[in-house]
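My entries follow in the order in which I looked things up.

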Amino acid sequence: MLQVLSMLYLWLKAGHVIFVIFWMAGLFMLPRLFVYHQETPVNSPENAVWTDRERKLMKIIMAPSVAVVWILGLAMAISGGWFTQGWLHAKLLLVVALTGYHIWLARYHRALARGERRLTGKQLRLLNEVPGVLGAIIVILVIIKPF
């Protein structure tokens, strides 16, 4: 029985890492699409093309990935009994922040689709660094487990 649980944990971990990669790819790619989207005229055919590309990225890759990341991550935390460990609390806080960033990106997508251009290309390029920084800190927390 212990061997089965051990193998199950490895499958949970593999799935979690795979879907984190998919989700992070979307978190890196979407703001770049926004930069190009903002450069198109609001009522142009290109505007509709960018809106469709962003929608597909969010619907086909990002939304399912974030759901699987949360499900598998929580399943691993439960199976490992990690909810009393400080590193997991910090990791969860950062994953909540990344999830909030994801939600913000979805809202900005809807604003762009309506023709609103609230940020500059430079601001969007800077925002593109958010998932990288948070992702690096999360990896350190998981691997090093500093507390």
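I began with the network of salt bridges that links Asp 52, Arg 55 and Lys 56, taking a salt bridge as a side-chain nitrogen of Lys or Arg within 4 Å of a carboxyl oxygen of Asp or Glu. This is a predicted model, in which local features need pLDDT of at least 70 and side-chain atom pairs count only at pLDDT 80 or more, while totals for chains, interfaces and linings use all residues. Residues are numbered from 1 along each chain as its sequence is written, and side-chain values use heavy atoms, with hydrogens and water left out.

Arg 55 and Asp 52 lie three residues apart in helix α2, about one turn; helices here are DSSP runs of H or I with at least four residues, strands are runs of E with at least two, and both are numbered from the N terminus. Asp 52 and Lys 56 are separated by about one helical turn because they are four residues apart in α2.

I then looked up exposure, where buried means under 20% relative accessible area, exposed means over 50% and partly exposed lies in between (1.4 Å probe, protein chains only). Asp 52 is partly exposed at 27%, as are Arg 55 at 38% and Lys 56 at 40%.

How many salt bridges does the structure hold? I noted four, and one of them joins Glu 116 and Arg 118 at 3.8 Å, N to O. Glu 116 is partly exposed at 30%, whereas Arg 118 is exposed at 52%.

Next I took the fold as a whole, which comes to five helices and zero strands. The C-alpha trace spans about 60 × 30 × 15 Å along its principal axes, and buried residues make up 38% of the 147 residues. The mean pLDDT, the predictor's confidence in each residue from 0 to 100, is 95 for the protein; among the elements, α1 has the lowest mean (93) and α3 the highest (98).

Leaving out residues up to four places away, Gly 26 touches Pro 31, Leu 57 and Met 62. Gly 26 and Ala 63 are 37 residues apart in sequence, yet their C-alpha atoms are 9.5 Å apart in space.

Last, I turned to the record: an unreviewed UniProt entry places "transmembrane region" at residues 6-30, 60-82, 88-105 and 126-144. In the model, residues 6-30 are 100% helix and 0% strand, with the end C-alpha atoms 36 Å apart. Residues 126-144 are 89% helix and 0% strand, and their end C-alpha atoms lie 28 Å apart.

Definitions and conventions
UniProt positions are given in the numbering used here, feature names are shortened, and annotations may be inferred rather than shown by experiment. Contact means heavy atoms within 4.5 Å.
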